[in-house]
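Welcome, and thanks for taking a look at this one with us. Below is a short tour, grouped by topic, to read alongside the structure.

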Amino acid sequence: MTHATDTVLNRDKPVTALSGVSAKRAQQLAKLQIETIGDLAGHFPRRYEDWTSLKPIGDLQDGEDGVFLAQVQKVPTLFRKGTRSTLQTVLRDPSGAIKGVWFNQPYLQDKLAVGDIFLFRGRVKREGRSFSVFNPAFEPQPQAVFPEVGESLAEAVADTFVRPVYPTTQGLGQNLLRGFVDRALAAVIPELDETLPGEIRRRYLLPDRVWAYTQIHNPDHLENYRLAKRRLAFDELLLLQLGLRLSKTAEMQRKAVPLRFTSQPKLLTELKKNITALPFPLTGDQKKALSDILKDMDKAVAMNRLLQGDVGSGKTIVAFLAMHACVLAGRQAVLMAPTGILAKQHEDSLRRLFPDIPAERIACLTGQQSAAQKRQVYERLKSGDIMYLIGTHAVLQKGVDFRALGLAVTDEQHRFGVKQRLRLIEEGDAHVLVMSATPIPRTLGLIVYGDLDVSVISEKPPGRKPIKTYTARTKDMPRLHAMIRRSAAHGNQTYVVCPMVNESDDSDLQSAVELYERLANTELTDLRVGLLHGQMKEKDKNEVMDRFLAGDIQVLVSTTVIEVGVDNPMATFMLVMNAERFGLAQLHQLRGRIGRGADESICVLQSDVGEGLARERLVTLCKSEDGFEIAEADLRLRGPGDFFGTRQHGLPTFRMANLYEDQELLSQSAEACSHILRDDPTLAQLEHAALREEAIRFLAQREA
Ligand code: ADP
Ligand code: MG
């Protein structure tokens with residue numbers, strides 16, 4: 001069934017279209033990100049109360065959430081003490097009796113009439129030889145008949161159930177919310193089309209969509225919930241991949257102004273001259289990446305390319321050359337970096353590596369500049385006086401208006417939100433290049449970068465010495481101080497990285513401010529120690545960074561603000577405090593700040609955690625310098641917490657799928673995605689109409 005586009009589907013109607021949902025309720029629902037009836041039907045339970053595993057009272061165990069059928073044996077007695085109260089009665093079945101206790105719910109007294117039979121559910125506690133159940137929920141069972149001892153209890157109750165418990169918000173009770181969801185579901189179910197071809201459902205043993213929606217909310221058994229969840233998780237993974245792949249198809253791609261760079265020998269010669277003038281020859285991978293980019297920019301469809309390469313692989317120069325080519329062809333280029341420090345550094349390197357570019361053609365734009373300074377940049381961008389713009393996300397702000405933008409580059413892509421990336425992409429008819437050092441396991445790459453073409457730099461610039469990585473404990477600090485001194489005596493510099501800026505009472509984590517004071521005033525008084533963290537003013541940060549780059553600061557105590565991009569080849573020693581607090585990918589990224597010069601570099605991971613997973617993770621880093629290997633290990637070793645760091649990777653979040661736990665589902669959905677697109681690359685076949693609609697919808701929702 002397909003729907004005429006002019007009729008509004010129930011799922012798109014506001015929640016207030018549902019009977020019983022007032023404006024006030026709608027406001028509460030909005031706090032849960034629920035706006036439409038469809039959102040309500042897609043508000044999945046957080047957990048379930050199992051009311052199906054009935055037991056005779058005689059079999060209840062201390063500490064369990066017991067479910068039992070019982071008769072009220074005594075008139076409940078109510079004790080009051082000030083505003084507090086306790087209600088007590090005895091509940092009985094043929095196998096035994098248990099004390100029912102309710103705190104501060106005096107109104108329940110009238111509901112528990114002697115002789116009535118209820119299904120109870122609550123935490124059971126043993127007290128001496130007797131058992132009590134505290135604050136049990138209960139449901140009347142007027143039809144119930146107690147079985148003889150030994151007969152099945154389940155049959156005694158007409159209707160056992162698993163009850164969903166939804167994430168909710170202040171003032172919105174479970175029962176009410178449950179009612180809303182049930183009604184939303186009833187409205188949405190008739191218009192839910194099956195999206196998956198039967199063949200895919202059979203191959204991966206997936207239940208149908210209506211069944212999945214029904215069972216995720218009200219499972220007949222807990223086992224059904226698992227099947228339903230698997231189907232819905234599969235859908236999320238598949239829809240995102242399909243959406244991303246669809247957005248790569250020609251009809252969906254943005255138009256761009258072709259630069260016609262490679263067909264103009266004069267421009268090519270000019271660029272070659274610049275390449276020869278660089279202080280180093282390009283590596284093979286850098287040349288290949290540049291050539292991919294130049295070819296893309298010649299086309300009338302916009303380039304949408306990811307330049308991936310481990311930390312220190314030399315992505316920046318490739319981006320500069322692409323920008324330069326774009327400007328040679330007559331259009332402007334912009335580079336966006338995640339921090340002001342990095343933007344500033346990129347500006348400096350561009351000027352240094354391309355001394356022929358007139359100084360006034362290059363400008364830097366960050367959030368810290370005065371309104372007047374910004375206005376001046378805006379005007380000169382508009383007039384084309386500035387051809388190379390480098391900046392933070394300030395370059396995305398209103399007012400930034402190019403005369404003719406040809407290329408937009410984002411550095412350290414994973415640090416930006418999806419939204420920010422899109423703003424840049426929608427900048428009109430510019431080509432887009434994104435760069436990321438974040439090694440992502442291949443399976444996850446499909447999900448994050450499925451819409452991009454990829455160039456990889458795997459070969460590092462020649463002459464790099466490997467970084468030696470060790471772990472150390474607090475007792476090793478004196479030795480570490482000696483190592484820092486020795487390195488300074490050779491004219492080299494040190495980073496000391498702390499997990500937090502200021503000290504907090506509830507933690508013994510090393511703070512940057514406190515450690516800086518200790519090193520500067522007590523332990524390393526003979527060295528010049530500096531401090532850098534994200535809460536400092538942009539101007540102060542830049543000043544510290546300049547002094548560090550100039551060699552004036554020998555030991556830089558900092559937070560992870562130095563994580564991305566910062567490039568000082570004289571820094572050869574890094575000490576990371578409380579290393580267990582960082583994600584592996586993040587530590588690898590941090591470590592990439594050293595090992596950039598000719599001298600041997602050492603990284604020490606300080607951590608007092610004992611054995612186990614946390615230790616094993618750190619050891620992984622000591623053993624490997626390969627970002628991909630580390631990312632795979634991280635995925636394998638990851639504990640229950642999100643060490644890997646969703647933020648670190650710009651990974652999408654799903655409601656049902658879990659990128660770490662659902663690896664098998666992820667590869668199955670990737671396989672299904674390829675399979676479907678092989679026969680029908682644009683999902684034009686009628687059989688795929690619903691799938692196409694949902695994929696585009698899913699992508700649009702994520703990006704909204
Ligand atoms: P990343 O890929 O992490 O952004 P950078 O672009 O900052 O790496 O490069 C790291 C360092 O390597 C810089 O100092 C850069 O000048 C240098 N570099 C880049 N390419 C080469 C090369 N082909 N040969 C030698 N050094 C290079
Ligand atoms: Mg970089």
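**Around the ligand**

An oxygen atom of ligand 1 sits 3.3 Å from an N or O atom in the side chain of Arg596. The protein covers 85% of the 570 Å² of accessible area that ligand 1 has on its own. Please keep in mind that this is a predicted model.

- In total, 16 residues surround ligand 1, and the closest are Gly312, Lys315, Thr316, Arg464 and Asp567.
- Sorted by class, the shell around ligand 1 is made up of five nonpolar, six polar and five charged residues.

*The largest nonpolar core*

- In soluble globular proteins, nonpolar side chains tend to be buried together.
- Here, the largest nonpolar core has 61 residues, of which Leu29, Leu40, Phe234 and Leu238 touch the most other members.
- Several helices each supply at least two residues of this core, among them helix 1 (23–31), helix 2 (37–41), helix 3 (174–188), helix 5 (209–217) and helix 13 (442–449).
- Helix 21 and helix 22 are also on that list of helices with at least two core residues each.
- Helix 6 (222–246) is on the list too, and with twelve residues helix 6 provides the largest share of the core.

*Two residues with positive phi*

- Asn104 is not a glycine, yet has a positive phi of about 55 degrees.
- You will find Asn104 in the loop between strand 5 (96–103) and strand 6 (117–127), and Asn104 counts as partly exposed because its relative accessibility is 41%.
- Leu683, again not a glycine, has a positive phi of about 55 degrees.
- The loop that holds Leu683 runs between helix 21 (663–679) and helix 22 (689–703).
- Is Leu683 buried or exposed? With a relative accessibility of 1%, Leu683 falls under the 20% limit, so Leu683 counts as buried.

*Cysteines*

- How many disulfides does the structure hold? The number is zero.
- Cys326 counts as buried because its relative accessibility is 0%.
- Cys673 has 1% relative accessibility and therefore counts as buried.

Notes: Residues are numbered from 1 along each chain as its sequence is written. Chains are lettered from A and ligands numbered from 1 in the order in which they are written. This is a predicted model: local features need pLDDT of at least 70, side-chain atom pairs count only at pLDDT 80 or more; totals for chains, interfaces and linings use all residues. Side-chain values use heavy atoms; hydrogens and water are left out. A disulfide is a pair of cysteine sulfur atoms within 2.5 Å. Buried means under 20% relative accessible area, exposed over 50%, partly exposed in between (1.4 Å probe, protein chains only). A residue is near a molecule or strand if one of its heavy atoms lies within 4 Å of it. A polar contact is a pair of N or O atoms within 3.5 Å; within protein, one must be able to donate a hydrogen and the other to accept it, and residues adjacent in sequence count only if both atoms are side-chain atoms. Accessible areas come from the Shrake-Rupley method with a 1.4 Å probe; for residues, only the protein chains shown count as cover. Ala, Val, Leu, Ile, Met, Phe, Trp, Tyr, Cys and Pro count as nonpolar, Asp, Glu, Lys and Arg as charged, and the others, Gly among them, as polar. Helices (H or I, at least four residues) and strands (E, at least two) are DSSP runs, numbered from the N terminus. A nonpolar core is a set of buried Ala, Val, Leu, Ile, Met, Phe, Trp, Tyr and Cys residues joined through side-chain atoms within 4.5 Å.
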